[in-house]
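Good morning, everyone, and thank you for making time for this. Please look at the sequence and the model as they come up, and then we will go through a few places together.

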Amino acid sequence: MSTINHSITEVLYEPPGPKTRRCIAVATAISLVLLAGLLLAALHRFYVTGQLNPKYWSLFAKHTTWRFLARGLSGTLKVALMSSAISFVAGLLLMLGRIGKNRVVGGISTVLIELSRGIPTLLFIYFFFLLAPQFGLKISPFWKITLPVSLSAAGVVAEMLRSGVNAVPKGQREAALSLGMRDRSVFFKIIFPQAFRYVIPSLISEIVIVLKDTTFAYVVNYSDLMQNSRVLISNYDALLSVYLVTAGIYILINYVLNKISVFLAERRNVSVG
């Protein structure tokens, strides 16, 4: 399998020749110079407008600031982890319904998957925040953000799992059935474990999206990283500095998740989209 994939990669992505490498090097150098110029121009603009004044950055010298941000980050990670777990279970059920033999269940599962993938996360949040209480559903802010994010990701997870199942060679199922195994045992003992390994990198990439969706927590007044950052901005009037530090935290987390995804993909020789 690895030899086949390697040969396909070589065919699709032929190593560049000397002339192409020189063009790439020149284009890279020009891009770096332009980026450096934009960065210097932005820093100059921030200096002129007083955004680099120490008073806007001194709050990060206080341990209480970092403790407050850490408390918000803890809330963000709790929502992201719980949403990821719920979306995986829901996605698995939807996938099983879609690939099952029952046409009615398959049709319902397909509709639910398309709704999950097509409706923006914010609309799900508004439903749980504004409409759910009118039906007598009283839930905490944690679940008002966790459930919508989970529903939004469930359809994507279902399609990821289905693509993994379809990637498993059909002959394995036929061979297992010929040995007398039941269809359900074949799926959960042979097909699904392989499919799951195929899509692990994609599932980790989906966690990045889930993490980004948690930034809508301000709508339901849940204390997450973005909400606590807004509080700091309100208290210290430090818009630029707080947003830059907050963005850096999100970038660091997403970078780590992306590296994990790439590492797992390389171990299994699976391409990361």
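This is a predicted model: local features need pLDDT of at least 70, side-chain atom pairs count only at pLDDT 80 or more; totals for chains, interfaces and linings use all residues.

Is Phe-196 buried, partly exposed or exposed? Phe-196 is partly exposed, because its relative accessible area is 30%, where buried means under 20%, exposed over 50% and partly exposed in between, with a 1.4 Å probe and protein chains only. Residues are numbered from 1 along each chain as its sequence is written, and side-chain values use heavy atoms, with hydrogens and water left out.

Now to the aromatic pairs, of which the structure holds nine; rings of Phe, Tyr and Trp (its six-membered ring) pair if their centres lie within 6.5 Å, and planes under 30 degrees apart count as stacked, over 60 as edge-to-face and the rest as tilted. One of them joins Phe-88 and Phe-196, edge-to-face, at 5.8 Å centre to centre with 75° between the planes. This pair links distant parts of the chain, 108 residues apart, with Phe-88 in helix H3 (residues 63-99) and Phe-196 in helix H8 (residues 183-213); helices are DSSP runs of H or I, at least four residues, numbered from the N terminus.

Finally, Ser-150, in helix H6 (residues 141-167), is buried, with a relative accessible area of 2%.

Notes: Helices (H or I, at least four residues) and strands (E, at least two) are DSSP runs, numbered from the N terminus.
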